[in-house]
Structures are given as C-alpha cells and as structure tokens.
Amino acid sequence: MTQLPDDIPSIKQVIQSMQEAPVASGHSELFHYTSIEALHGIMATGTLWASNALQLNDSKEMIAFWECLHDPMKAQFTNILKKEKTNSVRFDSVIEQEGEIDFLAKKKAEKWINAAYSGLIKTPNGTGMFYPFVTSFTTHSKDDSIDRYRREHGMLSQWRSYANEGICIVFDTNKLVTMILSDNDCYTDNFGTFADVIYTNDTRKISTLLQYLSGIAWYAAAQDEGGFSEYWMEAADETACSALRVKHMGFIEENECRIVTLVPTNNYSGNKSRLIHTNNGRAFIKLFESSNKPLPIKKIIVGPSRSQQEIADRVRWIMRNDELVHCSDTPYIPPK
C-alpha cells in the first residue's frame, strides 16, 4: 500500500481524534424506555436486546453519517476537477458531455460513499463486513430543573412513544459498563463501542475521520484506485461505529447513548460469534447471554397512563421488589 499524501490524516490521527471520556464519567445513570412486555422478557432472560440498525423506526438511521461525509468528499472532487479543467483541453469536452463540475463531483462522491457503505454494512441483498446492532439509552445528566425532573419522572416525548404501557428502566452506568466489558470478552471477534450519539449539528468528534475518508477517496480516484479498499479497511471499525452513532439533530433532546455492536458476516474458524435471533422478521442479538449476574437496575419508572397503578402492580410482580417501582408524576393526556 503506497504512502498517502501529508495533507490526508493518518489512521493513527483518526483513532486519536476519536478518543473520548468513558460514558460513566458523564452519566451516572442510563434510561431505557420500553414496554412492560419487553421488561418481562428482559427480566426473564437477564439480557438486553440490540436491534439491527437497518430495522429501527427512524427513517434516517444509518443515513445521517453518510450525508455528513458527502459534502467534504464532494469538495475534494470539486477541487481536483477544477484543476483538471485548468490543465486539460480534453477535460472541456468531458464537461460538455457529462455536465458541470458540481454534477461530476457529486457523482464521484456518491460512487465512493456507496462503495464504502456496501463494503462495511450488511444489507439484505449486500455483502458487507458487519451486521449493525444498537441498544439505545436516553441520558438525563444535566444539572438543570428539566433533567432533574426527568431523572425522577421520565421524558414526555418518550412516554408518548409507548402510549399506555410505557416504563423506563434506570441502569447504574458503572455496573453496566463492567457487564459490557465482561460480555465482550466472551466473543473473539467482537467489534463496537459504547458512547454518546453524535448529532448532525455538531460532528467535531468525527471531523478527522471525515477528512481521512474524503482524502482517500480522492487519492484512490486520482492515483491508486486499486488500493482504495485497503485504505478504507484501515478505518473500517471507526467508520462502521460512527455510522451507527451519528443521528439527525431533530432527536437531540434525547441526549442518546448507545451500545454499538458489529457482528462480522464471516464466522472465522475458531471464533465464537454472537448469535443473531429474529422476532417478527426483525433481527436482534442478546447482550449478556453469557452472564450470570443480574442487570444493574436502580429503579423502574412507570409512565403516565389511565391504568398507571395497575401497570405499576404488574411491574412490582415482575421485579419482585416494590421499592424499585416509581410512578411518574407527569399527567396523562389521552390521545385525541
């Protein structure tokens, strides 16, 4: 593999730029909003489900990261195409046939982004390296009156998502991190991360990665097209994890945090891989299947409902612990 130009960040610089404080340093508790039916399954199995990111309800899931990459990559191609136009008479005829520089740069950027996406993420008809799974938590960690209320009574927008049977499982972050590390040790081909979501209004955490990916696409197109996959694979883990962390800024009030798990599509000989399950056509994996420790649940918040007390009684029965169950004070407003 040839040496990249100095103006393209090295993979070492990419990795260093993405280092960040552990989740537990910013969030002492994590909030997992779900249904009472799901709570029953969680307690019965001692596991959390991680859903395939391609099957989540958010229509922008797995798209936001690549949209963030499009503009810097297009800019790279625009610059090189402008230089070619200045230095080549032949290039003028290409422009007349295929359109303006902006259109050509857009096409080239889309080509390399599609190549990266299809090479990394396993889609139903694709051959990517990883099946993408996420487990999501909301964080209410700010020291203001809004988050103090949410820590005790939950978040209204989340309650609305679960209609009449919403509950929120509150986890001890430090203990959950310990379980995640232990769980990861059970698998020899484990890839992923546990980190805050990156919203599209602030992508500074991945700016060096975007610069690297844009640079290698330009360099591969201009100098070494055959080596593109090698450059790309150098950052495969960082790119795939980022693709599962970046989310549209419209969801910013959730302050989401995610366990990202990448399950390789190739079950290499001798490796212990996570099992992929299905439920009603949706793929998922179970976290903590190999653990014999109980999940570090601090309390269960029962959301507003016309039958809140009845649901609270059901939760007490599931948890076998009355002290863990708390009813939200948020008023119930029936749907229109």
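I take buried to mean under 20% relative accessible area, exposed over 50%, and partly exposed in between, with a 1.4 Å probe and protein chains only. By that cut-off Phe284 counts as buried, because its relative accessibility is 6%.

Ground rules. This is a predicted model, so local features need pLDDT of at least 70 and side-chain atom pairs count only at pLDDT 80 or more, while totals for chains, interfaces and linings use all residues. Residues are numbered from 1 along each chain as its sequence is written, and side-chain values use heavy atoms, with hydrogens and water left out.

Entry 1, aromatic pairs. I count rings of Phe, Tyr and Trp (its six-membered ring) as paired if their centres lie within 6.5 Å; planes under 30 degrees apart are stacked, over 60 edge-to-face, and the rest tilted. I found 7 aromatic pairs in the structure. Trp49 and Phe284 are stacked, because their ring centres are 3.7 Å apart and their planes are at 15 degrees. Helices (H or I, at least four residues) and strands (E, at least two) are DSSP runs, numbered from the N terminus. Trp49 lies in strand β2 (residues 48–52) and Phe284 in strand β10 (residues 282–287), so this pair ties together parts 235 residues apart in sequence. Trp49 counts as partly exposed, at 42% relative accessibility.

I then looked up Phe137 and Phe194, which pair edge-to-face at 6.3 Å centre to centre, with 65 degrees between the planes. Phe137 is in strand β3 (residues 130–138) and Phe194 in strand β5 (residues 191–196), 57 residues apart. Both Phe137 and Phe194 are buried. I also noted one aromatic cluster formed by Phe65, Trp66 and Tyr117.

My test is NZ of Lys or CZ of Arg within 6 Å of the ring centre and within 35 degrees of the ring normal. The charged end of Lys111 sits over the ring of Trp112, 4.8 Å from its centre. Lys247 lies over the face of Phe251, 4.7 Å from the ring centre.

I listed Gln308, Ile311, Ala312, Val315, Ile318 and Met319 as buried in α13. Seen down the helix axis, the buried residues of α13 fall within an arc of 120 degrees (taken from the directions from the axis to the C-beta atoms), so they line one face. The face turned away from the buried side of α13 carries the exposed residues Glu310 and Trp317. With contact meaning heavy atoms within 4.5 Å, the buried residues of α13 pack against α3 (36–45), β4 (166–172), β11 (297–302) and β12 (325–327). Arg320 follows α13 and has a positive phi, near 55 degrees.
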